[in-house]
Amino acid sequence: MKNQYIHPRLGPVQVSQTMRARRISIAVKPSGEIRLSFPVYVSARRALGFLDSKIEWIEAARTRITAKNAGRTRYTPAQTEELRRMAKIVLPQKVAQAAERFGFRYGRVTIRASHTKWGSCTSDNNISLSLWLMTLPEHLIDYVVIHELCHTVHHDHSAEFHALADRCLEGREKALRRELRSYSTGETEK
């Protein structure tokens with residue numbers, strides 16, 4: 001069942017009761033849209049009660065999203081292509097240099113216009129990096145590169161992964177991760 005419910009305080013809420021849901025959950029999307037999901041064995045009344053109990057959290061999440069989006073720069077297609085061109089030159093070099101310095105082995109490096117992740121590493125140790133990294137300060141680009149290289153050793157976010165990343169980043173992994181959260185990927189104008 002997928003419906004839209006108009007909440008008196010929150011406005012439209014996408015409601016989804018599915019077999020896949022294991023618990024009642026609420027998501028606030030970057031657009032500010034709210035999604036309420038719950039298992040088939042939970043009543044709609046109970047799920048809506050849960051929604052009501054989380055109004056303050058939802059409004060705080062929307063406020064954070066609005067503040068984050070206010071500082072987001074919109075890029076023209078030409079600017080985006082220039083970032084892509086620069087990324088294809090700079091980022092593979094940074095990966096190669098960091099891999100050599102710390103002894104990591106990786107497959108290939110690809111550049112994408114990802115709006116959801118700064119980077120990723122496959123099980124084959126291929127690294128994908130977002131062209132939007134080029135909009136970050138240099139030390140945060142290096143942080144993301146090292147983070148992804150650490151995934152060539154630990155393909156998860158386990159304690160061992162964070163310990164390795166922290167060693168490579170000279171004890172600054174948590175601080176850099178926190179700083180990166182204040183940035184968002186670019187948005188392309190239509």
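Guide: A disulfide is a pair of cysteine sulfur atoms within 2.5 Å, and a search of the whole structure by that criterion finds zero of them. This is a predicted model, in which local features need pLDDT of at least 70 and side-chain atom pairs count only at pLDDT 80 or more, while totals for chains, interfaces and linings use all residues. Residues are numbered from 1 along each chain as its sequence is written, and side-chain values use heavy atoms, with hydrogens and water left out.

Visitor: Are Cys121 and Cys168 buried or exposed?

Guide: Buried means under 20% relative accessible area, exposed over 50%, and partly exposed in between (1.4 Å probe, protein chains only). Cys121, at 18%, counts as buried, and Cys168, at 9%, also counts as buried.

Visitor: How many aromatic pairs does the structure hold?

Guide: Rings of Phe, Tyr and Trp (its six-membered ring) pair if their centres lie within 6.5 Å, and planes under 30 degrees apart count as stacked, over 60 as edge-to-face and the rest as tilted. The structure holds two such pairs. Tyr75 and Trp132 form a tilted one, 5.2 Å centre to centre with 45° between the planes. Trp132 is buried at 0% relative accessibility. The rings of Phe102 and Phe104 have centres 6.4 Å apart and planes at 55°, so this pair is tilted.
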